[in-house]
Structure formats: C-alpha cells, structure tokens
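User: Please take a close look at a single part of this model, the interface between the chains. I would like a connected account of what makes up the contact and of the elements that supply it.

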Amino acid sequence: MDGSQLRDLIGQKRPRYKEQYRTLIESISKKGDSSGKGDFSSFGAFYQTYMYAIVIGIKLDKQNFIQASEKTNDFFVFSQWSPTSIRDYILMMLLNKSEDFGFKLVELENAGTEAIEAFVIELIRQIEGYANAGFEYLQTKWDNENMKFRNPFVFVNFLEELS
Amino acid sequence: MATIIKSISFQNFYNYYGSFNDNTYLFKEGINIINADNNMGKSKFYNGILWILKSTVYDSDLKRMVSANSSFQKMASGKVINEETNFNMGVNITFLDCDSKYSVTKSVQFSKNGNSWNTNEKLDILQTIENRDIPVLDTFDKEKIIKKIIPTELINYALLQGESMEDLVDLSSHNGLSSTIETLAGIKNLIEICEISKELSQKTKKLSNEKEKEINSSNNRVEELVQESELLENRIDSTKTQIETYKTELSEAKKKKDNLEAILLNAQNREKFRGVQKTLQNEINHYKEKKNNKLKNINSMLFSEYSPWILMGLQDQIMLFDNRRQELTAAIATQKVIDNPIKLPEGSPDIPSLKRMIRMEFCEVCGRQAPRNSDPWNHIKLVMERPGDKEKSSKNDFGSFYSNIQTTIGAFSLSIPKIAQTILEYREKADELEDIIIQKEEEKENAKLEFLNAGGSETGSDNTDKQNISDYTLAEKDILKYDELIRKGELSLNQWRARLKQIDVEIKSISTNSEIEKYRQFKEIMASVEYILNNSRERIFDEILKSLEINANRKYGELTQGNLSAGGKLSFTKQADGTVQVSIKNVNDGELTGLGTGFQRMKQLSIIMAIISSKIGNKQFDYPFISDAPFSEFGDNFINNFFKIAPNVFSQSIILIKELYDPMSENYLNDLGIKILKKMENGVIPGTFYVNVIEEKADTTNLVTKNKCYKG
C-alpha cells in the first residue's frame with residue numbers, strides 16, 4: 001500500500017460525536033454562515049467546530065471515548081474537512097502519538113492490509129476521543145458560564161486558558 | 001421657622017440602584033451642593049422632588065413634563081428591572097417644619113406579570129411627635145404636609161430647572177404676572193373686595209335706573225335716556241370682557257413670537273449642529289461596521305490558511321513529527337541492510353557444491369585445503385548459510401503520505417509562534433475601535449445637546465424651521481390685530497363713558513325729584529368705591545413692580561459683580577396689555593443687546609431672587625430653594641457670586657451642578673469646585689457638598705450612581 005492509498009483510507013472515514021453534544025454543536029455552529037452573527041459567537045461549518053474540539057481535547061490531554069452503548073452521529077467525511085492544512089496538522093499530531101495507541105510507524109511499513117485497516121480505525125477512534133473530550137469541556141462552559149459565549153473572543157479565550 | 005429638608009433618599013429610582021440607605025443625602029441649612037457630570041443623576045434627583053411635590057417628572061426623551069404615573073417603568077432602575085421580578089422604587093424626603101419632623105415617602109411596588117409589570121403607588125407620611133413616629137392616614141392631611149415642604153404658589157420660584165428658567169418666571173404672560181403679583185402682595189382680599197364693589201356698583205346703577213323710570217314714568221325722554229344708559233352699560237361690560245380676552249390673546253401671541261424669535265435666531269446653530277450630528281453618525285456607523293467586521297472575523301482567524309489561531313502553542317508538534325520521520329527513515333534503512341546481504345557473482349558455487357566443500361574441507365574455488373573450523377572453512381559455511389534473496393524489504397511505502405503532510409503544514413513552523421502576539425494586537429485594534437466609537441458617541445451627544453439648546457427638536461424634521469417662520473409671521477399679524485382691537489375697544493369705552501356722563505347730566509336736569517336724588521347719590525358713591533379700590537389695586541401692582549425692579553437690579557448687580565463686561569440695568573416696563581416687559585438697558589437707557597445666554601439667565605435668576613426677597617422682606621426665604629443645572633451657561637465669576645449671596649436669600653438651597661466637576665481629577669473636582677469646597681470646610685459657605693460618581697461603566701439601562709460626601 002502506498003501513501004495515497006493510506007490517505008484515501010483515512011479520508012473516507014466519518015468520525016463520530018456523541019448525541020448528547022448535538023444541541024451544543026448546533027448552537028455554536030452556523031451552517032453556511034461564517035460571519036458569527038447572532039447573540040452568541042459561533043463557528044461556520046460543523047467540521048470546524050469538530051476540529052476546534054479536537055484541539056481542545058489535545059490541549060487538555062484528555063480523551064472521552066465513545067462507548068458501544070452510546071448514541072452517536074456521524075460527521076462529514078474526513079477528506080472533505082477544510083482548511084486541509086489544519087486537518088493535516090491534526091493528523092500529524094495524532095501520528096505523533098501513534099506509539100501511545102499501539103502502532104509504530106516502522107511496523108506499519110511491513111504491515112498487511114488488515115493491520116493497516118486496524119490502525120486507521122484506531123486513529124479515528126483516537127480523534128473521536130479527543131473531540132468528545134473537547135465537547136465535554138465546551139458543554140460545561142456552556143452550562144455554567146453561558147455569558148462567556150456572548151464575547152466574540154470566547155473561543156480564543158478558551159485556547160488561551162488552556163495554553 | 002423655615003422648612004428645612006434634612007435628607008433625601010432614593011430606592012431603585014433611575015440611576016439610584018439599591019435601598020434608601022444606599023442612596024441617602026443628608027442636608028443642612030445653607031447651600032447643599034450635589035456635583036455630578038452629565039448622566040450621573042442630577043435630573044433624576046430633581047425628578048424625585050418633582051414626584052413628591054407635583055406628581056410629575058421631566059421626561060428627557062420627550063423633553064417635557066409628564067405625569068409620574070405614566071412613567072413608572074422609566075423611573076425604575078434599569079438594573080433592578082433586569083435583575084428582579086418583585087421590587088420597590090421610591091423617594092423619601094424628611095424635613096423639619098416648626099419643630100415638627102416629617103418623613104414623606106412616595107413608592108411604587110413592581111411585580112412582573114408575564115412580559116408586563118403591575119405597579120402600585122403608595123404615599124406614606126410619618127410625623128415625629130415626642131420621638132414617636134405617627135403615621136398620617138388622612139389624604140387631606142397628607143396633601144397639607146407635602147405643601148409644607150414648598151407651598152404650591154411658591155413652587156415656581158423655589159423649584160427650578162436651568163434650561164426652563166424662562167418659563168418659570170413668566171413675566172410676559174398676562175395671567176402669570178397677575179398671579180405673581182397677587183402672591184407677592186398678598187392682595188387676594190383686595191381683589192375679592194374689588195369684585196364685590198363692582199357687583200354692588202352695578203346693582204345700585206340698576207336700582208337707580210329703575211327708580212328713574214318709575215318716578216318719571218310720564219316722561220318719555222327720561223325713559224329713553226335710561227334705556228340708552230342701560231344699553232351703554234351692557235356694551236361697556238361686554239366690551240371690557242372682550243378686551244380682557246384680546247389682552248390674553250395678545251399676550252399669547254407675543255409669547256409665541258418671542259419663543260419663535262429665539263428659535264429662528266438659533267436656526268443657523270441648529271443647521272450647524274444638525275450637520276455635525278449627521279457627520280458623526282456616519283463616522284460612528286463606519287467605525288461600528290469596521291469593529292463588527294473585525295469581531296465577525298475572529299472565528300475565521302481561528303481557521304486562517306496561513307496563521308490559524310486554533311494552533312496557538314502547538315508548534316512543538318512539527319519538530320516532533322520531523323524527528324519521527326527521521327527515526328522512521330533510519331529504521332527502514334537498517335532493515336534494508338539486514339534484508340539485502342552480499343550477492344555472489346555469476347558462476348559462484350551452488351549450495352550442494354558448498355556443502356561438499358565443507359564436508360571435504362577443501363575450497364574448490366581457490367584449490368586449497370580448508371580444515372574444519374579454520375577461517376576459510378568458516379567463510380564457506382557463512383556463504384552457504386546466507387539468507388535467501390527477497391523480492392522486497394517491506395510491504396508498504398507511506399513516505400509520500402508523511403511527506404505530503406509535512407509539506408502542507410511546513411509554513412506553520414514560522415507562523416504559529418507569532419499567533420499570541422497577533423491576537424494581542426487584534427484585541428488592541430478592536431478596543432481602539434470601541435474607544436473611537438465611544439468618543440464619537442459622546443461628541444454626537446454634545447452636538448445633540450447644542451442642537452437642542454439651539455431650539456432643535458428630536459422629533460421635528462428639517463421642515464420644522466419653515467413651519468416656525470410661518471408661525472412667526474402669523475404671531476406678528478395676531479399682535480397687530482389684537483393691539484388694534486384693544487385700542488378700538490378702549491376708544492369705544494371712553495366714548496360710551498363720556499356719553500353716560502352726558503345722559504346723567506341730562507336726566508338730572510329733567511328730573512329734580514328729591515327721592516330719586518338718594519338713589520343717584522348711592523349709585524355715585526358705589527361707583528367711587530369701585531374706582532378707589534381698583535385704583536388701589538393698580539397702585540399696589542405698580543409699587544410691587546417698582547420694588548421688584550429695584551430688588552432685581554440689586555441682585556443682578558451682586559450676581560454680575562466682578563464681571564469684565566458690564567451687564568447693564570434691568571428695566572421693568574408695564575405694557576398696554578397689562579404684562580411687564582423686562583429688558584436690559586445700557587448707561588444711556590438704550591436697549592442693551594448681544595448679551596450671552598449666561599447674562600440672560602442671570603437676569604431671570606435675579607428676578608427670581610427679587611421676587612423671593614419682595615415676598616419676604618429682609619428675612620430669608622422660608623422654604624428650600626432647589627435648582628437643577630442652573631449654571632450651565634454661567635462663568636466661574638457668576639457661580640462664585642451666586643454661592644456668596646444665595647445664603648442671604650435662601651435659608652436652604654439644594655443645587656445640582658456639573659460646573660464643578662472634572663472627570664479626570666482624582667476627587668472629580670475642578671479648580672472652582674476645590675475652592676468652593678474649601679470655603680465650605682472653613683465655614684465661609686454653610687452647607688454640605690456631595691459628588692456623584694459612576695463606579696462601573698455601563699449603558700443607561702445598567703447605570704448605577706453612588707454619592708461621596710465631601711462635606712457633611
């Protein structure tokens with residue numbers, strides 16, 4: 001398997017989020033409107049919200065994995081996320097952690113198709129873990145410090161708080 | 001003994017958020033100053049007093065007085081409305097009057113009902129007798145107690161707002177002047193006697209005429225003359241009434257003309273400040289749009305292609321990935337070395353030949369012995385046991401995948417470390433724009449005030465000026481019309497009166513009956529009584545006017561003392577319509593024109609002081625004098641003079657002022673404020689000194705005013 005095949009394999013996956021965060025995600029995302037109009041500060045597309053949540057999860061160094069019994073929703077296919085540079089940056093951060101979740105890059109070079117499939121599935125599970133940890137953090141803020149979301153700098157403020 | 005206000009407190013009233021205890025001003029005899037900048041509660045304070053005394057408040061949006069009960073929601077603190085669903089709003093005044101102490105509280109209970117509010121107004125009055133607070137329950141008694149603070153007939157002179165001072169001292173109004181003089185002279189009884197004498201005189205005339213007809217029933221000429229006399233009397237009566245109406249109309253037309261004149265004179269200023277407001281509004285819109293765009297752009301900046309804020313602080317990841325790739329490359333290279341040992345040249349011995357050479361301990365390639373375990377033997381064994389050839393060293397090649405990632409994110413290694421600084425600068429730019437907007441809003445507000453001071457209307461369009469010009473022309477025509485009607489009416493009266501005298505003479509010459517003579521004498525006596533009483537009334541009126549003129553000039557001199565430009569002399573002239581025109585004359589008795597608004601307003605203030613002095617003689621005024629922003633057009637010298645002479649006229653004054661305020665100074669006082677405070681501290685000026693402050697910047701809905709007592 002070559003690099004482009006691996007990219008395609010990852011790209012066709014749809015990371016999921018927990019149903020319990022749907023209202024929050026809808027509240028802080030505005031489909032087709034990136035202007036941030038309205039009472040609350042908001043992102044444009046859903047996948048930007050998702051990428052933001054992943055970064056929050058990574059900064060927290062915390063994961064909130066989806067349990068088998070939990071209701072979930074699929075996200076947009078990974079290959080369609082944009083900007084691609086930020087999507088790739090997230091991928092890079094996950095690859096940096098590959099040994100932590102049991103995959104040495106060098107071993108992947110010799111691995112069979114099934115092993116590569118297993119790696120991609122785990123990679124996506126890891127992404128979901130960080131994203132849902134990020135949503136959990138944002139949900140707590142939304143529930144307890146809702147007024148903060150009226151500040152246009154709210155999402156920058158959260159990043160600064162975690163730096 | 002004078003009425004002295006001991007304290008005024010507010011509860012959730014406009015800016016005065018919180019309990020009565022949080023918003024209490026304690027006052028003394030002398031001058032009580034409340035120094036506050038615009039929007040810090042001066043007019044709201046004044047409205048509290050208006051609510052208690054007159055059940056009205058000044059609505060600054062509508063620019064007019066409104067009934068308090070139509071404005072409760074505006075009167076309540078915006079902050080409390082946002083925070084509570086049940087609360088009380090109120091104003092309390094405690095005062096001393098003839099050794100009795102009273103506490104008057106007007107309050108409104110608010111309770112939220114869906115999206116609207118239910119309100120319930122209450123008036124509670126306590127009288128303190130021998131240290132016991134006794135509630136006053138009777139409505140009539142309550143009204144009487146409120147009037148003890150300032151009696152109704154003196155409210156116009158004791159309670160005034162700088163901007164509307166001209167309306168309060170209404171010497172140009174026919175009725176206004178009469179009621180002022182009547183109040184000053186205390187001649188209500190005399191006026192009543194005048195009315196009675198007029199009635200009696202008319203009755204005696206009627207009686208006399210009836211007797212003339214009865215006694216001279218056979219004389220047709222007498223009957224004719226009596227009938228003519230009755231007709232003329234009726235005409236005189238109705239014409240007098242008509243002339244009074246014309247005088248009132250004339251007075252109204254003059255007032256209208258004066259008002260419009262002032263408005264038209266200011267048209268140029270209005271046009272200027274209308275333009276300034278428009279320009280500033282355009283600038284505000286521009287900066288608001290700029291700021292909104294900047295704020296809207298924040299989330300785009302999080303996902304910017306070149307410097308995405310979302311990656312702030314994550315630059316180490318790039319180096320980490322680079323290391324991983326180098327490790328991977330090294331590991332792959334090592335594996336290849338292991339997987340690909342030396343290949344033997346063409347024609348080299350095959351495995352069976354090598355096995356045979358080991359067994360025979362002889363190298364067939366070089367034709368020499370190779371004993372067991374010797375170096376040549378071991379070499380032959382190594383060659384035989386070498387791993388077999390493989391097609392490829394690894395199954396996959398993900399190099400391009402990693403390389404593409406590294407290429408895509410490569411530029412971030414330079415931009416991510418700068419993100420924190422970029423955000424800081426972005427925030428500063430947004431704050432700068434907000435500061436500019438606030439500054440422009442303030443400039444616009446000032447321009448609006450100038451516009452309104454120049455007679456502009458918030459609701460009026462640019463066409464208002466055209467309407468005013470048309471109204472002015474109409475008022476001028478009305479003045480001419482009513483002047484002419486009054487002149488003609490008085491001419492007729494004189495002719496009819498002369499004819500009445502002729503009739504009297506003729507009847508007397510015809511009829512000489514002694515019995516009728518008694519009635520004639522009685523009629524003449526009553527006419528004389530009526531004339532004398534009316535004359536007295538006129539004389540008292542003139543004397544009061546003269547006294548007012550002298551007093552007003554004295555006060556005017558004191559108030560303008562030390563001023564570089566001479567303010568002239570006030571001249572009171574009685575007009576044909578019964579009104580009084582007050583003008584300012586120069587040393588040659590000519591009209592002094594071109595004086596600023598400060599002088600004009602000082603003229604009004606002098607007249608108020610004169611009216612009060614005329615009423616009370618050499619004593620002090622017995623009631624509190626309360627004034628909101630009376631000095632907005634005055635210079636330091638005027639203000640200094642006022643504080644010097646006011647304690648001699650008013651036993652207590654409460655002055656709401658902004659001209660001593662400096663927002664940049666630590667104690668919020670300008671040089672004049674510091675001077676006056678020192679004089680108070682040294683006992684030169686008796687009284688108290690408060691400064692209102694806003695501790696937390698907020699819009700008008702959440703504004704909270706607190707007071708600091710500098711001299712209690």
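The reply below describes the interface and then turns to a few related details.

Analyst: The model is predicted, and the account that follows should be read as a description of computed geometry.

The extent of the interface comes first. Chain A brings 46 residues to the contact and chain B brings 43 residues. Between chain A and chain B about 4300 Å² is buried, with carbon and sulfur atoms giving 65% of that area. On the side of chain A, Tyr89(A), Glu109(A) and Phe153(A) supply 18% of the area that this chain buries against chain B, more than any other three residues.

Arg427(B) and Glu160(A) form a salt bridge through their side chains, at 2.8 Å from N to O.

Several helices of chain A present residues to chain B. At least two residues each of the side of chain A that touches chain B come from α1 (3-11), α3 (46-60), α4 (84-96), α5 (105-110) and α7 (154-162) of chain A. Of these, α4(A) provides the largest share, ten residues. By residue class, the side of chain A that touches chain B divides into 24 nonpolar, 14 polar and eight charged residues.

One of these helices, α7(A), also packs within its own chain. The axes of α7(A) and of helix α6 (residues 113-144) of chain A come within 13 Å and cross at roughly 115°. The crossing of α6(A) and α7(A) is right-handed. From α6(A), the contact is made by Tyr137(A), Leu138(A) and Lys141(A), and from α7(A) by Phe158(A), Glu161(A) and Leu162(A). The residues of this contact between α6(A) and α7(A) divide into four nonpolar, no polar and two charged.

Over all chains the count comes to 37 salt bridges. One example within chain B joins Glu224(B) to Arg221(B), with the closest N and O atoms 3.2 Å apart. Both Glu224(B) and Arg221(B) belong to helix α9 (residues 220-265) of chain B, where they lie three residues apart, about one turn of the helix.

How values were computed
Residues are numbered from 1 along each chain as its sequence is written. Chains are lettered from A and ligands numbered from 1 in the order in which they are written. This is a predicted model: local features need pLDDT of at least 70, side-chain atom pairs count only at pLDDT 80 or more; totals for chains, interfaces and linings use all residues. Side-chain values use heavy atoms; hydrogens and water are left out. Contact means heavy atoms within 4.5 Å. Buried area is the accessible area (1.4 Å probe) that two parts lose on being put together, summed over both. A salt bridge is a side-chain nitrogen of Lys or Arg within 4 Å of a carboxyl oxygen of Asp or Glu. Helices (H or I, at least four residues) and strands (E, at least two) are DSSP runs, numbered from the N terminus. Ala, Val, Leu, Ile, Met, Phe, Trp, Tyr, Cys and Pro count as nonpolar, Asp, Glu, Lys and Arg as charged, and the others, Gly among them, as polar. Axes are lines fitted to C-alpha atoms, for helices over the stretch in contact, and angles run from 0 to 180 degrees between N-to-C directions. A crossing is left-handed if the near helix is turned anticlockwise from the far one by less than a right angle, and right-handed if clockwise.
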